[in-house]
Amino acid sequence: MAISLNTNNNKPIFSTFLRIAILNSLLFSSSLARVFTQTTAVFDVSASSNRAQNALSITPPQFHSHRLSNSSLSLPLHSRLAIHKHNYKDYDSLVRARLARDAARVQSLNRNLNLALARDAVRPNSLTAPVVSGQSQGSGEYFARIAVGQPAQSFYLVPDTGSDITWLQCLPCSYGNTCYQQTDPIFNPTSSSSYRPLSCDSQQCQSLDRPGCQSGTCAYQVRYGDGSFTTGDFATETLTFGNSKSIPNLPIGCGHDNEGLFVGAAGLIGLGGGALSLSSQLKASSFSYCLVDRDSDSSSTLEFDSARPSDSITTPLLKNNRIDSYRYVQVTGMSVGGKALSISSTRFEIDGSGMGGIIVDSGTFITRLPTDVYESLREAFVQGAQSLTAASAISPFDTCYNLAGQANVQVPTVAFELSKGKLLQLPARNYLIRMDTAGTYCLAFLKTTSSLSIIGSFQQQGMRVSYDLVNSLVGFSSNKC
């Protein structure tokens, strides 16, 4: 039987049906998003165990071959194990060394932030630094290969999204005429035809936090919060990016006194948000990096002016007016097992005094969360992981499991909630960390009493993190190393 609907005679009925249909469609779409949110993830224990077993057998090669982008400024990027010879006796000691470097790094970030927030902070004018043996920040967990000077000499430098000054150790070393150990020969500025000291009244010199003047040339000093520091001459040099372009007249620090940090690397690439960072000096529209698994000898790239992957999950880059260097991002919450944690959507916001907020940091190892957020996350994870065999806590972690003999296990999903309801779901390998040779894994988040939250490099592994500096967006794209 055919049914005829006269829309002219039944406008109110038709309009009602239309509204109901639209409402049902919206409700159904919303429910789909909730119903089909992934609640568990597979953690490949076997793959993780194999990487851990092979980690200590990685031998840094004399030379590295790289596949670099031809359309952008590109640098090869390696994990620390792939280029720096180690003397760890077992995997346990390797993990503890990483965590010790991480603790010093976070301490440094928080102290620098507190200094920036302190209205009465006194910044010394003198560049004469005290002889302080601060706890070593190590040399970071990732190294980029870049060439300096003319003729070009290649060095391993640590990319750092939490600071601005690019610097490297230079001859002569002033403190006791002793240089710290690094993988490459130490840079001698007198051997480079493109090295140019900056004058004290130059714009670059005046942009320094602590500009100094010695014998008419600019001097710089950077303190890293834990007693570590680098001081020396501020100059311009030519930097060469992989097999692509050479860019002249870029400001760098030529460090003659470098205390308490960066054993292995020749120095640091500043990728912060300040005017003197490499991304700012290149006038780059974007930069991105992908951090490979730190237990592997594979490599990836650090790229400038490259297109963001089309499948990137994006959220706004934010500014803290009290400190330019840190890369703050908009995060509105977190979820575990597909369910949002009971925390305020403003929990990760920067307040009027410059406190709070969450940054993406390439130098921090483990993500730091406010105590209340961490405890809510841990409680939800433990509830969803009851099928796993609990193990004793291993400092600094308090939630650990014995996965010895397991091939794969199901674990609750963990995700960051970004702007406009988007979810950045982490792979299980990015929140369960192997702690020892016995097969103990711990939930890889730490609580902090600081107002600053940090998304660390362990949670970023395997993702291309793209910074769109024109549109103030940061994007995350999986499996783009």
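Colleague: Where does Pro151 sit?
Modeller: Pro151 is in the loop between strand 3 (142-148) and strand 4 (153-160); helices (H or I, at least four residues) and strands (E, at least two) are DSSP runs, numbered from the N terminus. This is a predicted model, where local features need pLDDT of at least 70, side-chain atom pairs count only at pLDDT 80 or more, and totals for chains, interfaces and linings use all residues. Residues are numbered from 1 along each chain as its sequence is written, and side-chain values use heavy atoms, with hydrogens and water left out.

Colleague: And what joins Gln150 and Pro151?
Modeller: A cis peptide bond, with omega about 0°. The bond from Leu171 to Pro172 is also cis, with omega near -5°, and Pro172 lies in the loop between strand 5 (167-169) and strand 6 (196-197).

Colleague: New topic: what is phi of Asp305?
Modeller: Near 60°, a positive value in a residue other than glycine. Most residues other than glycine have a negative phi.

Colleague: Is Asp305 buried, partly exposed or exposed?
Modeller: Asp305 is partly exposed, at 36% relative accessibility; buried means under 20% relative accessible area, exposed over 50%, and partly exposed in between (1.4 Å probe, protein chains only).

Colleague: What does the side chain of Ser207 reach?
Modeller: The backbone oxygen of Gln203, at 2.9 Å. Ser207 is found in the loop between helix 5 (203-206) and strand 7 (212-214), and its C-alpha is 7.4 Å from that of Ala275, 68 residues apart along the chain.

Note on methods. A polar contact is a pair of N or O atoms within 3.5 Å; within protein, one must be able to donate a hydrogen and the other to accept it, and residues adjacent in sequence count only if both atoms are side-chain atoms.
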